[in-house]
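This report goes through selected local features of one structure, including backbone geometry, charged side chains and the surface.

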Amino acid sequence: MGVVLAEKLDVPHVTIVMEVQVEGGAVRVKRELEGGWFQWIAMPMPAVLTIQSGINQLRYATLKGIMAAKKKDVRTVTATPLSTARQRIVSLYVPEKSKKTQLIGGAPAEAARELVKRLREDARVIP
């Protein structure tokens with residue numbers, strides 16, 4: 001959802017954020033990559049960040065905070081029109097099937113031998 005929102009608003013975005021540091025008019029984020037690796041990215045604000053669960057502890061509103069929020073004015077802001085579409089769908093189709101599934105019947109020992117034979121001779125994935 002965050003990526004789609006960022007594209008609609010035409011602002012930069014980062015996913016799987018683990019840590020956020022605001023530095024003036026920019027934000028520096030630490031994001032998680034595959035295999036336990038991390039990457040630091042700096043980007044201008046405004047930006048959309050999709051945060052990894054568990055980044056912060058939940059905070060519950062106090063009664064004093066709820067009462068103060070009731071007295072606040074609600075400001076209405078008009079949205080700016082979205083920019084024109086940057087993408088166009090040229091064609092849409094179902095991919096053609098290039099391979100067919102083959103069932104190998106028989107006893108388990110025979111089926112295993114036939115599978116190894118086909119993997120060695122047809123697919124050439126076993127030397």
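Asp10 is partly exposed, with a relative accessible area of 42%. In this predicted model, Asp10 belongs to the loop that lies between α1 (2-9) and β1. Its phi is positive, at about 60°, although Asp10 is not a glycine. Most residues other than glycine have a negative phi, and most peptide bonds are trans.

Ile16 also has a positive phi without being a glycine, the value being near 55°. Ile16 sits in strand β1, and its relative accessibility of 33% makes it partly exposed.

A further backbone feature is the peptide bond between Met45 and Pro46, which is cis with omega about 5°. Pro46 is part of the loop between β3 (38-44) and β4 (48-51).

| Site | Angle | Value |
|---|---|---|
| Asp10 | phi | about 60° |
| Ile16 | phi | near 55° |
| Met45 and Pro46 | omega | about 5° |

Met45 also takes part in a surface feature. Together with Val20, Val22 and Ile51, Met45 forms a nonpolar patch on the surface, and the accessible area of these four residues together is about 330 Å².

Val22 and Pro44 are 22 residues apart along the chain, and their C-alpha atoms are separated by 9.9 Å.

The next topic is charge. Side chains of opposite charge can pair when their charged atoms come close. The structure holds one salt bridge. Its partners are Glu114 and Arg118, whose closest N and O atoms are 2.9 Å apart. Both residues are in helix α3 (residues 108-123), and because they are four residues apart there, about one helical turn separates them. Glu114 is partly exposed, with a relative accessible area of 26%, and Arg118 is partly exposed too, at 25%.

Arg31 is a charged residue in another setting. It is placed in strand β2 (residues 26-32). Arg31 is buried, yet has no salt bridge.

The side chain of Arg31 instead reaches a backbone atom: the oxygen of Thr15, at 3.2 Å. Leaving aside neighbours within four places in sequence, the residues in contact with Arg31 include Val14, Thr15, Ile16, Val17 and Met18. Trp37, Phe38, Gln39 and Ile41 are also among its contacts. Ile16, one of these contacts, is the residue described above with a positive phi near 55°.

Technical notes
Residues are numbered from 1 along each chain as its sequence is written. This is a predicted model: local features need pLDDT of at least 70, side-chain atom pairs count only at pLDDT 80 or more; totals for chains, interfaces and linings use all residues. Side-chain values use heavy atoms; hydrogens and water are left out. A salt bridge is a side-chain nitrogen of Lys or Arg within 4 Å of a carboxyl oxygen of Asp or Glu. Helices (H or I, at least four residues) and strands (E, at least two) are DSSP runs, numbered from the N terminus. Buried means under 20% relative accessible area, exposed over 50%, partly exposed in between (1.4 Å probe, protein chains only). Patches are made of residues with over 30% relative accessible area and no salt bridge: like charges are joined within 9 Å, nonpolar side chains (Val, Leu, Ile, Met, Phe, Trp, Tyr) within 5 Å. Accessible areas come from the Shrake-Rupley method with a 1.4 Å probe; for residues, only the protein chains shown count as cover. Lys and Arg count as positive and Asp and Glu as negative; His and the chain ends are not counted. A polar contact is a pair of N or O atoms within 3.5 Å; within protein, one must be able to donate a hydrogen and the other to accept it, and residues adjacent in sequence count only if both atoms are side-chain atoms. Contact means heavy atoms within 4.5 Å.
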